[in-house]
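User: Hi! Could you walk me through the pockets and ring contacts in this one?
Analyst: Happy to, here it is.

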Amino acid sequence: MPGAPGASSSAQDHGRTRRSYDTVAEEYRSRIGGELAHKPLDRALLTALLEQAGTEHPVADLGCGPGHVTAWLAERGVRAVGIDLSPAMVAIARRDHGATGSGDHGAAEFREGDLLRLPAADGEFGAAVALYSVIHLEPSELRGAFAEMRRVLRPSGLLLVAFHLGSEVNRLTEWWGHNVDLDFHFLAAETVAEALREAGFTVEARLERASHPQEASTRRAYLLARRDVGAPA
């Protein structure tokens, strides 16, 4: 965050991530944009999140990419707001899904923004999802990102986080034939859970699964956390 130790290096790293996703945005949409069709567990977890959150308040999709999860949420009657670091991803999401739904409920909206500085008001969202977006943060940035997610959630709001399990860092310099400069951080479940607790969340559930045939061969984790109603972290 601005003024924080290491902020300039983090901004530079996030610039690498932004440029890399801008480069692969259209290819990513064509390869990943239909992924929920073969992810029954993801659909079930998203459905459970919506059942608890209700439709009174909007739901955030943090690191929304080309907007397919945001659109899926909107199609189920909630006002969904997708936020992504990449302007090219946001442009594709608006092009493909900006007309999803209508009115206060069942509409999709897309914004450009960083996980450490979310373009959203305090308590704007009833729930949020962050599916494989925190994997591009340094582990030291997790608590700050989760504190920012806590800020934009209403009291007792739910957050669903998904990530790859492990301890390695994979740096890609080529992705689908495009030149990129992108780090993928594999994370231990307890590392993420501890960062959530430090940021003011209570972890209510955790789940692990193997990869589907259509996915990269990694083991995945999901944590469902609830924003504490006590003093801000």
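**Pockets and rings**

Analyst: The largest pocket has a volume of about 1000 Å³. On a 1 Å grid over the protein atoms alone, a pocket is an open set with protein on both sides within 12 Å along at least five of seven lines, whereas a cavity is a set of points where a 1.4 Å probe fits but cannot get out. The volume is the space filled by probe spheres set on the points, joined across faces, edges and corners.

User: Before we go on, what should I know about the model?
Analyst: This is a predicted model, so local features need pLDDT of at least 70 and side-chain atom pairs pLDDT 80 or more, while totals for chains, interfaces and linings use all residues. Residues are numbered from 1 along each chain as its sequence is written, and side-chain values use heavy atoms, with hydrogens and water left out.

User: Thanks! Which element gives the largest share of the pocket lining?
Analyst: Helix 1, with seven residues. Helices (H or I, at least four residues) and strands (E, at least two) are DSSP runs, numbered from the N terminus.

User: And the cavity side, what is the volume of the largest cavity?
Analyst: About 70 Å³. The largest cavity has 11 lining residues, with Asp-13, Arg-16, Thr-17, His-136 and Glu-138 nearest its centre. Helix 1 and strand 7 (178-185) each give two or more residues to that lining, and helix 1 gives the most, five.

User: Switching to rings, how many aromatic pairs are there?
Analyst: The whole structure has six. Rings of Phe, Tyr and Trp (its six-membered ring) pair if their centres lie within 6.5 Å; planes under 30 degrees apart are stacked, over 60 edge-to-face, the rest tilted.

User: Why is the Tyr-28 and Trp-175 pair called edge-to-face?
Analyst: Because the planes are at 80°, with the ring centres 6.2 Å apart. Tyr-28 in helix 1 and Trp-175 in strand 6 are 147 residues apart, so to speak distant parts of the chain.

User: What about Trp-175 and Trp-176?
Analyst: That pair is stacked, because the centres are 4.6 Å apart and the planes at 25°. Trp-175 is buried, at 12% relative accessible area, and Trp-176 is partly exposed, at 26%; buried means under 20%, exposed over 50%, partly exposed in between (1.4 Å probe, protein chains only).

How values were computed
On a 1 Å grid over the protein atoms alone, a cavity is a set of points where a 1.4 Å probe fits but cannot get out, and a pocket is an open set with protein on both sides within 12 Å along at least five of seven lines; lining residues have an atom within 4 Å of a point.
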